[in-house]
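Please look over the structure below. This report covers a helix and a set of charged contacts.

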Amino acid sequence: MLATSPNYTITWEKLPDDFVLPDDPVDNINQPALAAALTEGLQLAGKLPETALTPTNYGICATINGKLAIKAPDWAYIHPITVSREEVFRSYTPHLQGNIPALVLEFLSDTDGGEYSVKETYPPGKFFFYEQVLKVPNYGIFDLQTGILELYRFGDNQRYWLESANEQGWFWIAEMQLFLGVWEGNRQNRQGYWLRWWDEQGNLLLWGAERVEQERQRVEQERQRADQERQRAEKLIAQLRAAGIEPVE
């Protein structure tokens, strides 16, 4: 499959089996944790279909003017894939193996600011690749230090525009029917800013530890109610006996 523009031709070809993918390390230790938290929230809420991919630092491919271009976003949501998972073990080619990503996220690095690169010449910049090559409908750039999330939406003019958050500071991702926003707190001994999901009713999609704590609190509340009922019953029995009435068991 191919697409064309005045300056380049895009084809969607499978990554050759002998192609050596880059093995660059992530920018910092927090990025894998942020990515894992995004996927966990979806999975536990039943929002991750079997045909969906949520890759982390995983190659997404396109061929531009005969040259293979690969970008590995920090996190992405792809649904559906139309081939077996074995066929996308190493990389993913949109249109050939399934849909384009509905959402791509880059966690802002402290190095070159490549997340904003609109470089058109080979190899293309990330911003240009997601906007003009893949045409990803939602591209987010998240600053871990400040907690600022920029969400770019692909518009009718075939360009990204910076979307405004709602009153809660969330962004509606129509393709996923979920809100994406910033949350500050602690997870797995990391205190800081995280990206979280909220459903259409504004309910936070919980992580596993939060679900366990929620259940613990429910059980504790049930125990307290049972204790209160027992104490009321014991008080009533004592009052009846003080009045010379023996309660019937």
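## Helix α1

This is a predicted model. Helix α1 covers residues 30-44, 15 residues in total. From first C-alpha to last, α1 reaches 21 Å, close to the 21 Å expected at 1.5 Å a residue. Just after α1, Gly-46 takes a positive phi of about 70 degrees.

The buried residues of α1 include Ala-33, Leu-34, Ala-37, Leu-38 and Leu-42. Gln-31 and Thr-39 are also among them. The buried residues of α1 pack against strands β5 (75-77), β7 (103-107), β8 (138-143), β12 (178-187) and β13 (190-198).

The whole structure holds 14 salt bridges. One of them pairs Arg-196 with Glu-210, with the closest N and O atoms 2.7 Å apart. This pair links distant parts of the chain: Arg-196 lies in strand β13 and Glu-210 in helix α3 (residues 208-242), 14 residues apart. Arg-196 counts as buried because its relative accessibility is 1%, against a cut-off of under 20%.

Glu-220 and Arg-223 form a salt bridge, their closest N and O atoms 2.5 Å apart. They sit 3 residues apart in helix α3, so about one helical turn separates them. Glu-220 is partly exposed at 27% relative accessibility. Arg-223 is partly exposed at 43%.

Glu-234 and Arg-230 also meet in a salt bridge, at 3.2 Å from N to O. Being 4 residues apart in α3, Glu-234 and Arg-230 are separated by about one helical turn. Salt bridges that share partners join Glu-220, Arg-223 and Asp-227 into one network.

Terms used. Residues are numbered from 1 along each chain as its sequence is written. This is a predicted model: local features need pLDDT of at least 70, side-chain atom pairs count only at pLDDT 80 or more; totals for chains, interfaces and linings use all residues. Side-chain values use heavy atoms; hydrogens and water are left out. Helices (H or I, at least four residues) and strands (E, at least two) are DSSP runs, numbered from the N terminus. The expected span of a helix is 1.5 Å times one less than its number of residues. Buried means under 20% relative accessible area, exposed over 50%, partly exposed in between (1.4 Å probe, protein chains only). Contact means heavy atoms within 4.5 Å. A salt bridge is a side-chain nitrogen of Lys or Arg within 4 Å of a carboxyl oxygen of Asp or Glu.
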